[in-house]
Amino acid sequence: MPFDRLATATTPTAHLGLGLAAVGRPGYLTLGRARDLPADRTPEALRQRTHELLDAAYAQGVRYVDAARSYGRAEEFLASWLRAHPEVDDLVVGSKWGYTYTAEWRPDAEVHEVKDHALGTFERQRAETAELLGDALDLYQIHSVTAGAPVLTDTALHERLARLAAEGVTLGFSTSGPRQADAVRAALEITVDGVPLFRTVQGTFNPLEPSAAGAFAEAHAAGRTVIVKEGMANGRLAEDRAPAVLREIARELDAPCDAVALAYALQQPWAGVVLSGAATTAQLDSNLHAAVVELGAEQLARLGELAEEPEAYWEHRSRMPWS
């Protein structure tokens, strides 16, 4: 499977990935975007920013890039970068289907994306992704599977996904919500003709929301690759907003807060890839320091004490403004 390439990669940052949610569209729910993005958030301005980030990430050893149909024009921006760099043959490319982008390039849109995991949506979005990324796509994930969701029992969809897997595309899913662990465990049980359907799991994990760690560990033990998203808690763990404990540990290690937060995820024994959601090359450079941050057991324990109740964490996230 494509992630075998990451297992043998020798760059220190090979297990840090670049997520394109923050730069594929003008509006997102990460804090500090007014400071981080160009004043004129035109498609061309964000295409250029995406290309700058991809240039910097690849040059510094990042070998996984994560997009989605709902990330505005992220797949398009990634595809144009890949066309400009035909020499790149060791990048693992992932995308997701299941949300449709509806904001029409307006950061103040009332609704930015609409969730729909129906088979018809898959067929439409799979064709859209194929038109842009073609054979470059390694991993296709169901976007944001929640506990009890109908997608977990839709056997017709499962059979269609299995046919895609037979064509050589690795299948995965991402999770969200306070019951991530339940969603992970249910999805891992899905098989088609006795073969497990999903090979990767992507979920939220950070010092404020570590509740799914046990399920991620089970996924890893079962041979799945675990991809960590939102390691910075949508900007809540950035330098200017970080909890006091995180700032203290950063000073102890002479490291930036963001690198410490991402190292907390990277040092979990089950973590296969930890995503950076950087919107600037300076943020990316800082994030990538996570590869050399060594947290001791006592520091890991102190960060673990920052955990919030999952319901409270996700309620807070739901109230964050798109900007």
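For the charge entry I counted Lys and Arg as positive and Asp and Glu as negative, leaving out His and the chain ends. I keep in mind throughout that this is a predicted model.

Charges. With that count, I looked up the mean positions of the 30 positive and the 45 negative charges of the protein, and I found them 3 Å apart.

Overall form. I noted 13 helices and twelve strands in the protein, and I read the span of the C-alpha trace along its principal axes as about 50 × 45 × 40 Å. The radius of gyration is 18 Å, which agrees with a compact globule, because a chain of 323 residues would then have a value near 20 Å.

Burial and contacts. I found that buried residues make up 56% of the 323, while the accessible surface comes to about 13,100 Å², with 52% of that belonging to carbon and sulfur atoms. Taking contacts between residues at least 6 apart in sequence, I saw that 79% join residues at least 24 apart.

Strand β12. I then turned to residues 273-276, where Val273 and Leu275 point one way from the strand and Val274 and Ser276 point the other way, all of them being buried. I set beside this the general point that side chains in a regular strand alternate between the two faces of the sheet.

Neighbours of β12. Strand β1, residues 16-19, runs parallel to β12 and is joined to it by three bridges; here I noted Ser276 as the bridge partner of Leu18. Strand β11, residues 225-229, also runs parallel to β12, with two bridges between them, and in this pairing I found Ile227 opposite Val273.

Key
Residues are numbered from 1 along each chain as its sequence is written. This is a predicted model: local features need pLDDT of at least 70, side-chain atom pairs count only at pLDDT 80 or more; totals for chains, interfaces and linings use all residues. Side-chain values use heavy atoms; hydrogens and water are left out. Helices (H or I, at least four residues) and strands (E, at least two) are DSSP runs, numbered from the N terminus. The radius of gyration is taken over C-alpha atoms; the globule rule is 2.2 Å times the number of residues to the power 0.38. Buried means under 20% relative accessible area, exposed over 50%, partly exposed in between (1.4 Å probe, protein chains only). Contact means heavy atoms within 4.5 Å. Accessible areas come from the Shrake-Rupley method with a 1.4 Å probe; for residues, only the protein chains shown count as cover. The place of a charge is taken as NZ of Lys, CZ of Arg, CG of Asp or CD of Glu. Two strands pair if DSSP finds at least two bridges between them.
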